[in-house]
Amino acid sequence: MGKYELSGRESLGIEFGSTRIKVVLIDEAFNPVESGGFTWENRYENNVWTYHEDEIWSGLRAAYSELIEKLGTPIKKLASIGFSAMMHGYLPFDKNGKLLTPFRTWRNTITGEAAAQLTELFGFNIPQRWSIAHLYQAILNGEEHVNDIAYFTTLAGYVHLRLTGKNVLGIGDASGMFPIDSETKDYNSEMLDKFSSLENVKKYSWDIREILPEVLLAGENAGTLTEEGARLLDESGSLEAGIPLCPPEGDAGTGMTATNSVTVKTGNVSAGTSIFSMVVLEKQLKNVYEEIDMVTTPAGKPVAMVHCNNCCTDLDYWVNMLFDFAKRAGSGLTKPQLYDLLYNSALEGEADCGGLVNFNYFSGEPVSHTADGRPMFIRSQGASFTLPNFFRAQIYSTMATLKIGMKILENEGVAIDRLFGHGGLFKTPVVGQRLMAGAMNAPVSVMKTAGEGGAWGAAVLASYLVNSKGLSLEDFLNKVVFASCESTTEVPDEKDVRGFEEYMIKYEKALAAEKAAYENI
């Protein structure tokens, strides 16, 4: 295969994930040309989950540099660029662009008082990780920095701002900052008024409408790459300014895009460090649930989101320990081979895991009403403690909390034609997909492109900016991007469905033990 010749009509997608910053270059047919990445980890400092500000930029440049190194040639021109990142969290800045506090990420569960008060005030669920909950908690705490806020945004919004000078957000990411009105496609005006009327908000000189980013829809121009922005991205100086950027989106929006699940009655499950499902609704839910976030697609359609803070981290720790054992035993197994071996062994396990229960909680889970977390594996004396049952319990634990939230949607009568899966849980063929289908009692499809993840989805949104041909985002994805995309589908196996239901009975009873663990250990 010959070396790829750059045309300048490629689009670039960049996503700041929770463990990896990934850069993907796609051609005009949406095929990935090359990718680059940088591994980073959140830190728990001063009781806050955070990432260091300087690592945002060093990680971005490192990921882009790896892309260029793999290409073997510098990039001068691009058709478009799109940024995406972990949603929610809190990044407040003063008038000089100085970050006023360390980045408070989605993983924090430190805004319970604010979230509860705002949920009651709005009659709309405000999760703890939403940006408005962080801002209001800072107000309740009497934090001095609140006086100096000129604007606040998300991680994707911050990176986009530095590269374009535009303080804007895609509507999907904006919906994790403050509630969106799906009719006006903007922040909910009535709720903005309610927030502004609070006595402890009135004392500040800023207005909430002025410090929130401007809301944009997919396909709308969000500015162009400045000279300063080009240098932040490409230290070599090759990349030219003037490239258009699409609205910066959250990882939920790019996940929906990457799995073609932006149309009504479709949904997707993203399963990596965290796990969340997104279901595009025919209409708003009848009731308010603290376990369900109401967000939007990148085009502004209402979406019910069940977000869980913990997914594959605990499973990865167990694999790392077993990999160490395998090496000490003289095995030549590679880490990917071990993952496949363990995942496939789970299919040999009993449908209910033989009485084994695992909690993957490294942090609290609002969906299961746990304020903190302790990873914990439980079994009774009579349980069937085998490797297949053990690893099936590990996989079940990644999706158990999600199921608690999804049951609420079932009770609301929300129809789901099909779920699309993407993320690390689905890397080994069939296993995660089949067990997820049983757990959710819905067909689960995985597309050939799913492995490219949110960075590819960000690149597709960037391409949509310059190649939409007047199509809606839904039609653009259905008729152009995914017209001939390969996928595999696993339908629910009745034995898996019953087995997971039995596992969940034990799991929900054992939540009392999980709470006792973090309260006492």
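I'll start with helix α3: what covers its buried residues includes α2, β8 (151-153), α6 (189-196), α7 (199-202) and α8 (208-211). This is a predicted model, so local features need pLDDT of at least 70 and side-chain atom pairs count only at pLDDT 80 or more, while totals for chains, interfaces and linings use all residues. Residues are numbered from 1 along each chain as its sequence is written, and side-chain values use heavy atoms, with hydrogens and water left out.

Some terms. Helices (H or I, at least four residues) and strands (E, at least two) are DSSP runs, numbered from the N terminus. Buried means under 20% relative accessible area, exposed over 50%, and partly exposed in between, with a 1.4 Å probe and protein chains only. Contact means heavy atoms within 4.5 Å.

Back to α3, residues 131-141. How many of its 11 residues are buried? Nine are, so the helix is mostly covered. Among them are S131, H134, Y136 and Q137. After α3 comes G142, with a positive phi near 70°.

Next, T101, in the loop between β7 (91-93) and α2 (112-122). T101 counts as buried because its relative accessibility is 7%. Leaving aside residues up to four places away in sequence, T101 touches Y90, P92 and H145.

Last, the cysteines. A disulfide is a pair of cysteine sulfur atoms within 2.5 Å, and the structure holds zero of them. For C311, which is in no disulfide, the nearest cysteine sulfur belongs to C312, 3.6 Å away. C311 is buried, at 2% relative accessible area.
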